[in-house]
Amino acid sequence: MKFLSSSSIRKKLLFLILVAVLPALGIILFSGIEQRERDIVSTKQDILYLVKSLAAQQEQLAASTRQMLKMLAQLPEVQKIDAKACNRIFRDIQEQNPVYAVINAVTPDGNMFAASLPFPPGSVNLADRKHIRDAIKTRDFSAGEYIAGRVVKVPTIIALVNLGHGG
């Protein structure tokens, strides 16, 4: 305690204030760290809930898309490859379902013959796309990668069903 006895009153007061404030600062820091950790855990739980919810919505959308595409594949206009009639049908469906960027139909060799959006006939071949190859190979629903479409030119998740003819 030699330090206190030889110090000025100003130093003694500063030391006393420091001793009094130090525990409070420790408590504030400790509670701040605890609150931060609770906030991190809570945020992680919220994000997990959001991701699960989005995944469920995506699964539901994929199931309804699959159903719609199977129904479209059975239409006589699609079976007959009637481009004009398919363009009109696809456009009407897309107008009622704006969640879809484009609805189109391709022949087994990958040539697009109809779409809900205007395109120059004979100008789009999708045979190099994975979802097209998979649908032709499995003759079933295929969900593609997140890619930019050749008709709408915006990144989308592509879905396709092939129940048709040819191979």
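Biologist: What does the secondary structure of the chain come to?

Modeller: Five helices and four strands. Bear in mind that the model is predicted.

Biologist: In what order do the elements run from the N terminus?

Modeller: The order is α-α-α-α-β-β-α-β-β.

Biologist: How much of the chain do buried residues make up?

Modeller: They account for 25% of the 167 residues. The accessible surface is about 11,800 Å². Carbon and sulfur atoms hold 63% of that surface.

Biologist: And contacts? Of those between residues at least 6 apart in sequence, how many join residues at least 24 apart?

Modeller: The share is 43%.

Biologist: Let's go to H4. How many residues does helix H4 have, and how far does it reach?

Modeller: H4 covers residues 83-96, so 14 residues by the DSSP run. From first C-alpha to last it reaches 20 Å. That is close to the 20 Å expected at 1.5 Å a residue.

Biologist: Which residues of H4 are buried?

Modeller: Ala-85, Cys-86, Ile-89, Phe-90, Ile-93 and Gln-94. They sit on the same side of H4, because they cover an arc of only 160° around the axis.

Biologist: Where is Ile-81 found?

Modeller: In the loop between H3 and H4. Ile-81 has a positive phi of about 55°, although it is not a glycine.

Biologist: Does Ile-81 count as buried, partly exposed or exposed?

Modeller: Partly exposed, because its relative accessibility is 37%.

Biologist: Thr-107 next. Which residues is it in contact with, leaving aside neighbours within four places in sequence?

Modeller: Ile-81, the residue with the positive phi, and Phe-113 are in contact with Thr-107. Thr-107 itself is found in the loop between S1 and S2.

Biologist: Is Thr-107 buried or exposed?

Modeller: Buried, because its relative accessibility is 16%. The cut-off for buried is under 20%.

Biologist: Changing topic. How many salt bridges does a search of the whole structure find?

Modeller: One. Asp-134 forms it with Lys-130. The closest N and O atoms are 2.5 Å apart.

Biologist: Where do Asp-134 and Lys-130 lie?

Modeller: Both lie in helix H5, residues 130-138. They are four residues apart, about one turn of the helix.

Biologist: How accessible are the two partners, Asp-134 and Lys-130?

Modeller: Asp-134 has a relative accessible area of 23%, so it is partly exposed. Lys-130 counts as partly exposed too, at 37% relative accessibility.

Biologist: Last one. Which residues form the nonpolar patch on the surface?

Modeller: Ile-17, Leu-18, Val-21, Leu-22, Leu-25 and Ile-28. Together they have about 560 Å² of accessible area.

Biologist: Take Val-21. Which helix does it lie in?

Modeller: Val-21 lies in H2, residues 9-74. At 37% relative accessibility, Val-21 counts as partly exposed.

Terms used. Residues are numbered from 1 along each chain as its sequence is written. This is a predicted model: local features need pLDDT of at least 70, side-chain atom pairs count only at pLDDT 80 or more; totals for chains, interfaces and linings use all residues. Side-chain values use heavy atoms; hydrogens and water are left out. Patches are made of residues with over 30% relative accessible area and no salt bridge: like charges are joined within 9 Å, nonpolar side chains (Val, Leu, Ile, Met, Phe, Trp, Tyr) within 5 Å. Accessible areas come from the Shrake-Rupley method with a 1.4 Å probe; for residues, only the protein chains shown count as cover. A salt bridge is a side-chain nitrogen of Lys or Arg within 4 Å of a carboxyl oxygen of Asp or Glu. Helices (H or I, at least four residues) and strands (E, at least two) are DSSP runs, numbered from the N terminus. Buried means under 20% relative accessible area, exposed over 50%, partly exposed in between (1.4 Å probe, protein chains only). The expected span of a helix is 1.5 Å times one less than its number of residues. The arc is that of the directions from the helix axis to the C-beta atoms. Contact means heavy atoms within 4.5 Å.
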